[in-house]
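Please keep the sequence and the model side by side while reading.

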Amino acid sequence: MAAKEPPSRKQSAKLKIEQLSFDCQHLHNMLKNYHVKKRLREQEEKDREELLSRRFTANNSSETSIMIGDSLQHHGKLSNANQGLDELLNSGTDILKGLRDQGSTLKGVQKRVLDIANTLGLSNTTMRLISRREIGRA
């Protein structure tokens with residue numbers, strides 16, 4: 001169309017054509033947006049009506065039960081086992097302390113026996129012989 005115009009009007013005709021093309025695209029995009037919004041409103045209205053027309057009923061008790069009984073029982077057993085292990089460790093510690101005390105007491109007794117043997121006049125050879133016998137028995 002712009003090609004048929006005289007050269008002086010050609011430039012203004014091109015501008016008008018470009019403006020019309022831009023306006024047409026703009027209107028086309030606005031129409032698309034309108035249709036999208038209209039579909040969204042219709043979908044929302046449909047969903048709303050569906051929710052309002054739905055009849056709700058009470059839940060079945062079997063569907064909403066929570067299975068925590070087994071977990072609680074398992075937790076209780078683990079707690080009891082943990083407590084039992086703590087008691088076992090404490091008694092083992094007490095036994096070790098007792099054995100250490102007995103060892104130090106026996107060393108003291110052995111030293112006193114050796115002192116008494118020296119006082120009685122037993123020779124070192126006799127005392128070594130007694131010591132070897134004691135080690136052999138153990």
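Ile116, Leu120, Leu122 and Ile130 make up a nonpolar patch on the surface, with about 400 Å² of accessible area together. A patch here takes residues with over 30% relative accessible area and no salt bridge, joining nonpolar side chains (Val, Leu, Ile, Met, Phe, Trp, Tyr) within 5 Å and like charges within 9 Å. Accessible areas come from the Shrake-Rupley method with a 1.4 Å probe, and for residues only the protein chains shown count as cover. Leu120 belongs to helix α3, residues 69–120. Leu120 counts as exposed because its relative accessibility is 68%; exposed means over 50% relative accessible area, buried under 20%, and partly exposed in between (1.4 Å probe, protein chains only).

This is a predicted model: local features need pLDDT of at least 70, side-chain atom pairs count only at pLDDT 80 or more, and totals for chains, interfaces and linings use all residues. Residues are numbered from 1 along each chain as its sequence is written, and side-chain values use heavy atoms, with hydrogens and water left out.

The chain has four helices and zero strands, helices being DSSP runs of H or I with at least four residues and strands runs of E with at least two, numbered from the N terminus. Of its 138 residues, 3% count as buried. The accessible surface of the chain comes to about 13,400 Å², and carbon and sulfur atoms hold 57% of that.

Which residues line the largest pocket? They are Gln110, Val113, Leu114, Ala117, Leu122, Met127, Ile130, Ser131, Glu134 and Ile135. The elements giving two or more residues to this lining are α3 and α4 (124–137), and α4 gives the most, with five. By type, the lining has seven nonpolar residues, two polar and one charged. About 260 Å³ of space lies in the largest pocket. A pocket is an open set of points on a 1 Å grid over the protein atoms alone, where a 1.4 Å probe fits, with protein on both sides within 12 Å along at least five of seven lines; lining residues have an atom within 4 Å of a point.

A salt bridge is a side-chain nitrogen of Lys or Arg within 4 Å of a carboxyl oxygen of Asp or Glu, and by this rule the count is two. One joins the side chains of Arg48 and Glu49 at 3.8 Å, N to O. Arg54 pairs with Glu50, their closest N and O atoms being 3.4 Å apart. Arg54 counts as partly exposed because its relative accessible area is 40%.

Note on methods
Points joined across faces, edges and corners; volume = space filled by probe spheres on them. Nonpolar A, V, L, I, M, F, W, Y, C, P; charged D, E, K, R; others polar.
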